[in-house]
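Visitor: I have a model open and would like to go through it piece by piece. Can we start?

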Amino acid sequence: MASIDPVAEEPKVKGALVREMLLWYGGRFGHEATARLAARVPPALAPLIDPSLPALGILASSWYPVSLTHPMLDAAMEGQHDEGRELAREANRDVVPRLIRGVYRIAFRATASPELYARHVGRLWRRLHTTGDRSMVLRAPGEAFSVVESWAGHHPFVCWMTIYTMAYVFEAMGYKRWTVDRLACVGHGAARCETVLRFAK
């Protein structure tokens, strides 16, 4: 009987998201900083990256196991005291516009209103993550309630990235004034991650 590859069974994330984050990180902190992230990759997974290439050679169209990405995120968060919240906000300020002008341009155009985004956010989530169920409801004018549950690939930094991705997508829709309030997180023992986004033009 053939053995089961544990990497094939674990949660994965789409390379487009990882690549854009690494390109931003390298531009912000330099090649040596990106090399330090690469050094945290488990030796068995080292063939999946190439430190000599931009974004460590991560391909936008490929899927990568969280056992590759999470150690790099842990390294990026070292020395920070907010689970990478401010780093995630700073990154998404640049990453989200690049994604919606690039590989996810068509997807953004199809969901470029709060109502459409809320309706399709679960489908968009599955284009980036193999685990987790994402939903959103507009509870009141100018208020969106976002939930991610059954998220085996959860990571504290990715949680904040998800929150600020949502915020900057709304900003791209024209809602320049927004605040986010994370109500619950599985990283703190909750059953699911919950966030309220309040937005206005």
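Visitor: Where does alanine 60 lie?

Guide: Alanine 60 is in the loop between α3 and β2 (63-65). Helices here are DSSP runs of H or I with at least four residues, strands are runs of E with at least two, and both are numbered from the N terminus. This is a predicted model, where local features need pLDDT of at least 70 and side-chain atom pairs count only at pLDDT 80 or more, while totals for chains, interfaces and linings use all residues. Residues are numbered from 1 along each chain as its sequence is written, and side-chain values use heavy atoms, with hydrogens and water left out.

Visitor: Which residues is alanine 60 in contact with?

Guide: Leaving aside neighbours within four places in sequence, alanine 60 is in contact with Lys14, Gly15, Ala16 and Arg19. Contact means heavy atoms within 4.5 Å. Alanine 60 and glycine 15 are 45 residues apart in sequence, but 4.3 Å apart from C-alpha to C-alpha.

Visitor: And threonine 34, where is that found?

Guide: Threonine 34 is in helix α3 (residues 31-39). Threonine 34 counts as buried because its relative accessibility is 7%. Beyond its neighbours within four places in sequence, threonine 34 is in contact with Tyr25, Gly26 and Leu56.

Visitor: New topic. What is the order of the strands in the open sheet?

Guide: The order is β3-β4-β6-β5, 4 strands with antiparallel pairing. Two strands pair if DSSP finds at least two bridges between them. The edge strands, β3 (133-140) and β5 (177-184), each pair on one side only.

Visitor: How many bridges are there between β5 and β6?

Guide: β5 and strand β6 (residues 193-200) pair over 7 bridges. Aspartate 181 has valine 196 of β6 as its bridge partner, and arginine 182 has threonine 195 of β6. β4 is joined to β6 by 6 bridges, and alanine 144 stands opposite leucine 197 in β6.

Visitor: How many residues of β6 are buried?

Guide: In β6, 6 of its 8 residues are buried, and the strand is mostly covered.

Visitor: What lies across β3, β4, β5 and β6?

Guide: That is α8, which runs at about 155° to β5. Axes are lines fitted to C-alpha atoms, for helices over the stretch in contact, and angles run from 0 to 180 degrees between N-to-C directions.

Visitor: How do the axes of α7 and α8 cross?

Guide: The axes of helix α7 (residues 114-126) and helix α8 (residues 156-172) come within 12 Å and cross at roughly 145°. Pro114, Tyr117 and Trp125 in α7 meet Thr162, Met166, Val169 and Phe170 in α8.

Visitor: Which residues touch the most other members of the largest nonpolar core?

Guide: Tyr117, Phe170 and Leu197 do, out of 62 residues. A nonpolar core is a set of buried Ala, Val, Leu, Ile, Met, Phe, Trp, Tyr and Cys residues joined through side-chain atoms within 4.5 Å. α8 gives the most to this core, with 12 residues.

Visitor: Which residues is phenylalanine 170 in contact with?

Guide: Setting aside neighbours within four places in sequence, phenylalanine 170 is in contact with Pro114, Tyr117, Met136, Ala144, Tyr175, Leu197 and Phe199.

Key: Buried means under 20% relative accessible area, exposed over 50%, partly exposed in between (1.4 Å probe, protein chains only).
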